[in-house]
Amino acid sequence: MNTCKVPVAVDDSDGDNRWMSIHKRFLAESREKDADVVFIGDSIVQALQHTEVWNELFAPLHCLNFGIHRDKIENVLWRIQNDELDHVKPKVIVLHVGTNNNANTPEEITEGIVEIVNNIREKHHDVYIVVPTLLPRGQHPNKLRERMSQVNDLLKSKIVNLPKVELVVIDKGFVQSDGTISHHDMHDYLLLTNAGSRKAFEPVHDLLLQLLTEGEPEKDLTPSE
Amino acid sequence: MNPCVIPKLSEDHDGDERKLSMHKRFVQQAKTDESEILFIGDSIVEQLQFSNLWIEKISALHCVNFGIGGDRVENVLWRIQNGELDFNVKLKAVVLFVGTNNTDCTPHEIFEGILEIIKEIKHRLGSVFIILPTLLPRGQYPNTYRERNDHVNTFLIDKFSNEANADEVTDNVYVVEIHHNIVQNDQTISHHIMHDYLHLTNSAYTKIFGPVYDKLCELLHK
């Protein structure tokens, strides 16, 4: 059984219950605010909100950020099935999750991401769904990087035929020729710095501009490298 | 046995050894940096370096940031025993802030662990100023983690701010009480102060860690 496809809330009710507090706040925000774009996902999405890049490129596009640090695919799935996207009518939803699914295979992670895409589609028939590729991590080569890379390859084939779902390649340019990732790009070898965020998310921004201002995006049929 | 006093490298549950990489980077940095002030601790220290307060004020004091997200008391103890205090130059002050992640420990265990870190700092660095900001509350509503951190603060304040308890451990150690005015009258914490009810927003860093900066200036006559 693929655990990525079984929605699960993060339960810290014995502790300080922050995850549920954050989820409820997102529910409230989705009711109170108009948004053209909703970002939903994990640590990388959450951290993005606190960068200059967010203020400069994404805030002006009326974006909501529903990222939660450490979220796995099944947590995001739970949030979507528990109304986080029910009261918004965005034109684009950006989905980025998977790096924290350490116990899952690339196939399971990919299926989980597609499951989320299907869930979003059920709620929003016409929304564009943008899926940035998963990022490498760790200072040196490691099995997590391999896993992310395999997921990205699988996603390319799974997503290419889904209408109004766009994969954006954002994972190039981080692993240097010596195989290392610089802390100037990822200060803890996972989360992006301002410079790293710009490198990764400018392509997402460019696509959002296209999707928000034109009727249909120009389909780029050249395979991206 | 108190886990907080047993030095331990942070475990690599993920499989990419990020924390070890950061530790090694810090050890290298200590050898070559000419900083006078070290900030060391957990994610709240780590994220401080991206705040306006750090960029506009703290960095001008020649500070270096050895914060690692997720770190527990025993992880910081391990790090300082394994090279992160081996600076090329003489450090004038260490700002120590860790404890909130020891959610399975008693307040007294956490307090003992912090004492152990302080003793280790003194042993290695001699007469350096040690600044201890009090642990922050967390969670949107009242909860056991808030109580734990509060309790630790009571121990810290009693030990270090009470002249009746002065001894060689308390020498040159200054507790800065930063945990006030965060919990509102209705006992909630606003996401405007802590965006995830644990980590500080940019403006909150200015308000809450400002007094730490002031204390550093006062002690170092800047």
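In this predicted model, Thr100(B) has a relative accessible area of 8% and is therefore buried, the limit for that class being under 20%. Thr100(B) sits in the loop that runs between strand 3 (93-97) and helix 5 (107-125) of chain B. Apart from neighbours within four places in sequence, the residues in contact with Thr100(B) are Asp42(B), Leu135(B), Arg138(B), Asn149(B) and Leu198(B). With Asn149(B), the side chain of Thr100(B) also makes a polar contact of 3.1 Å.

Next comes the interface. Chain A contributes 23 residues to the contact and chain B contributes 21 residues. Between them the two chains bury about 2000 Å², and 49% of this is on carbon and sulfur atoms. On the side of chain A, the residues that lose the most area to chain B are Asp16(A), Arg18(A) and Arg25(A), which together account for 26% of what that side buries. There are 16 residue pairs in polar contact between chain A and chain B, and five salt bridges cross the interface. In one of these salt bridges, Arg18(A) pairs with Asp196(B), with the closest N and O atoms 3.5 Å apart. Helix 1 and helix 6 (143-159) of chain A are the elements that give two or more residues to the side touching chain B. Of these, helix 1 gives the most, with four residues.

Side chains of opposite charge can pair when their charged atoms come close. Over all chains the structure holds 27 salt bridges. A network of them links Arg137(A), Asp188(A), Asp14(B), Asp16(B) and Arg18(B).

Other salt bridges lie within one chain. Lys156(A) and Asp153(A) form one with their closest N and O atoms 3.9 Å apart. These two are three residues apart in helix 6 of chain A, so about one helical turn separates them. Lys156(A) is partly exposed at 35% relative accessible area, and Asp153(A) is partly exposed at 49%.

In chain B, Glu36(B) and Lys92(B) form a salt bridge at 3.0 Å between the closest N and O atoms. This pair links distant parts of the chain, 56 residues apart: Glu36(B) is in the loop between helix 1 (18-32) and strand 1 (37-41), and Lys92(B) is in the loop between helix 4 (73-81) and strand 3. Glu36(B) counts as buried at 18% relative accessibility, whereas Lys92(B) is partly exposed at 39%. Lys159(B) and Asp167(B) also meet in a salt bridge, 3.0 Å from N to O. Here Lys159(B) is buried at 18%, and Asp167(B) is partly exposed at 28%.

Technical notes
Residues numbered from 1 in each chain as written. Chains lettered and ligands numbered in written order. Predicted model: local features only at pLDDT ≥ 70, side-chain atom pairs only at ≥ 80, totals over all residues. Heavy atoms only, no water. Contact = heavy atoms within 4.5 Å. Buried area = accessible area lost by both parts, 1.4 Å probe. Salt bridge = Lys/Arg side-chain N within 4 Å of Asp/Glu carboxyl O. Polar contact = N/O pair within 3.5 Å; in protein donor to acceptor, adjacent residues only side chain to side chain. Buried < 20%, exposed > 50% of the residue type's maximum accessible area, 1.4 Å probe, protein only.
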